Amino acid sequence: MAHPTYAVFEHQLVSYRRVWRGSVLSSFLLPVLFLLAMGLTVGGYVDRGGGLGVRYLDFIAPGLLASTALQVAAGEATWPVHAGFVWHRMYHGMRATPVRIPDMVRGHIMYILLRVALSAVGFLVVMALFGAVHSAWAPAALPVAVLVGLATAAPIFAYSATISTDGMFAVLFRFAVVPMTLFAGVFFPVDSLPLAARALAYVSPLWHGVELTRAATLGTPTAWGGWAHVSFLVMWSVAGYLLAVHRFSRRLAD
Amino acid sequence: MVLRKSLADLSYPRVRVLDVSAAEPLIAAHGLVKRFGDFTAVAGIDVDVRAGEAFGFLGPNGAGKSSTMRMIGCVSAPSGGTLRILGMDPVRDGPAIRARLGVCPQQDSLDQDITVRENLTVYARYFGISRRQARQRADELLEFVQLTERANDKVEPLSGGMKRRLTIARALVNDPAIVLLDEPTTGLDPQARHLVWERLFQLKQRGVTLVLTTHYMDEAEQLCDRLVVMDGGRIGAEGSPRQLIERYATREVVELRFSDATLDSYLGKLEGIGERLELLPDRILLYADDGDLAVAAVHERQLRPSSVLVRRSTLEDVFLHLTGRTLVD
Ligand SMILES: Nc1ncnc2c1ncn2[C@@H]1O[C@H](COP(=O)(O)OP(=O)(O)OP(=O)(O)O)[C@@H](O)[C@H]1O
Ligand SMILES: [Mg+2]
């Protein structure tokens, strides 16, 4: 008998079957656009200064890979979760079965991680085609991307289960997702930030993910050592998961 | 023959039901309370539902029917009293109980993005049913609720009544021992409603225990062996439809309409005829054991109603009497 967590995952796959073609296509197309526009075009200007020590394309490509993991996780952990409580009430449907609340959270997050992994594979392939992969460690960027997906999707699940209107997602994107994308070391090293902003970057899951993916594709060392960054992401994941289960239980209590 | 075969299919939950010990009801609630903050939605009710019974909750909007159904469905924890379902404790054994319940909630919770059939197969998987069996169950159930033609359509564009039928089908996907139906036929056209009644009757014949809420008195009268009338979180009356009619209504009812003046001005003039008067917005109900005699008495008083209808009393009269605010004894 399939585990209930797996049944929840399978439910998501049934929906995904309708849209997978488009999503796989865009997981190749988006990196091409990003690497052309940012890596080559913007990079053309940045590289004249030569302050980074590597080509700008090589610098931002792994950062963008980690940021893609965040974007996919944030997209999938917001409106679809809200719909499950408010619009389609899918979670209320599951609640009437032997499925437990941790199964709902785990099964749905498992699906999101699959989406993150597919996007990361697309990104890495495109990076290789652009000549932006410089280390045999590059495949390690995939599990890192999945971990970034988990470390961001889990707390966002908790957020989505708490808010009462979807208007609150604008707040999440404005104050968390967008600033993280801009200031967590994807486009420039965080060393150039003022101390307070740098501290925020250090707390964000994305910066740790960027450090790890960059180390994987460039073969350079990370700022704090690989395990420190992995531990940080694991902490976000565990805390986010526990909080998400708690918020789901509250939301489905009556 | 077909019915016999399905009887055999369903023998598994029936045997399990019987183990619960013949004496214990499948659902036993004592002093059951549900509070939301300071507000008490269910104010201490006692309900026993026995195996194979069709049990109904009637009551006006906000009476606490859905709150009670959700506690029985083990998705809402009781705030007080005791509740046992299939001999188990809903808080501790929630998943084990839910595995044997079928639930049609008041508000649909279908996945709108996938097809009608997929809604059933996906849901079957939540009960640990194999993929192959899930497909087979889905096809049988779509036939059962006459949605086979829409099997491969997405749910979103279906009409409200079709979605309701799909929700009912989904509630049966695990061969439940108890089916909880919260207003199963609200929004259904007359044909669809009769179809659902017939299907629910078939389930009852197979020994499935039904618990339902409804605002349709004819539905309650047709389907329920026993029912309770709730109001303000309390149970006002309990019994079979026939018993309730005998206890709370007379044998016949005269419906009187008057075209002139306000209706309440007639209440005084009618006083003393029959056993009881009830004022509705558009007519006066006059309860009497012999309707024709009562009509004769009305005419004797020189009253000229614009229309007169004598009929047998129904559950609706009981409901109005128990929950109505405009009654004159
Ligand atoms: N989750 C909730 N939080 C707060 N109050 C609630 C909640 N659910 C129900 N109530 C309140 O409890 C009361 C009973 O509601 P319930 O849904 O049980 O009524 P009902 O008998 O099913 O009515 P209807 O016929 O309209 O479906 C109502 O006053 C309602 O506002
Ligand atoms: Mg209700």
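Which side chain does that of A:Arg17 meet in a salt bridge? The partner is B:Glu118, at 3.1 Å from N to O, where a salt bridge is a side-chain nitrogen of Lys or Arg within 4 Å of a carboxyl oxygen of Asp or Glu. The model is predicted, so to speak of local features pLDDT of at least 70 is needed, side-chain atom pairs count only at pLDDT 80 or more, and totals for chains, interfaces and linings use all residues. Residues are numbered from 1 along each chain as its sequence is written, chains are lettered from A and ligands numbered from 1 in the order in which they are written, and side-chain values use heavy atoms, with hydrogens and water left out.

On the side of chain B that touches chain A, strand S1 (27-36), helix H4 (94-98) and helix H5 (116-126) each supply at least two residues. Helices (H or I, at least four residues) and strands (E, at least two) are DSSP runs, numbered from the N terminus. H5(B) provides the largest share of this side, five residues.

Contact, meaning heavy atoms within 4.5 Å, links 29 residues of chain B with 26 residues of chain A. The buried area between them is about 2,400 Å², with carbon and sulfur atoms giving 53%; this is the accessible area (1.4 Å probe) that two parts lose on being put together, summed over both. Of the area that chain B buries against chain A, B:Arg98, B:Arg125 and B:Tyr126 supply 27%, more than any other three residues.

Attention now turns to the ligand. Among the 15 residues around ligand 1, those that come nearest are B:Gly62, B:Lys65, B:Ser66, B:Ser67 and B:His215, a residue being near if one of its heavy atoms lies within 4 Å. A polar side-chain atom of B:Ser67 lies 2.6 Å from an oxygen atom of ligand 1, and a backbone N or O atom of B:Gly62 lies 2.8 Å from an oxygen atom of the ligand. Strand S2 (39-49) and helix H3 (65-72) of chain B each supply at least two residues of the shell, and H3(B) gives the most, with four residues.

Over all chains, the count comes to 26 salt bridges. One joins B:Arg117 and B:Asp139 at 2.9 Å, N to O. B:Arg117 lies in helix H5 and B:Asp139 in helix H6 (residues 131-144) of chain B, so this pair ties together parts 22 residues apart in sequence.

Conventions
Polar contact = N/O pair within 3.5 Å; in protein donor to acceptor, adjacent residues only side chain to side chain.
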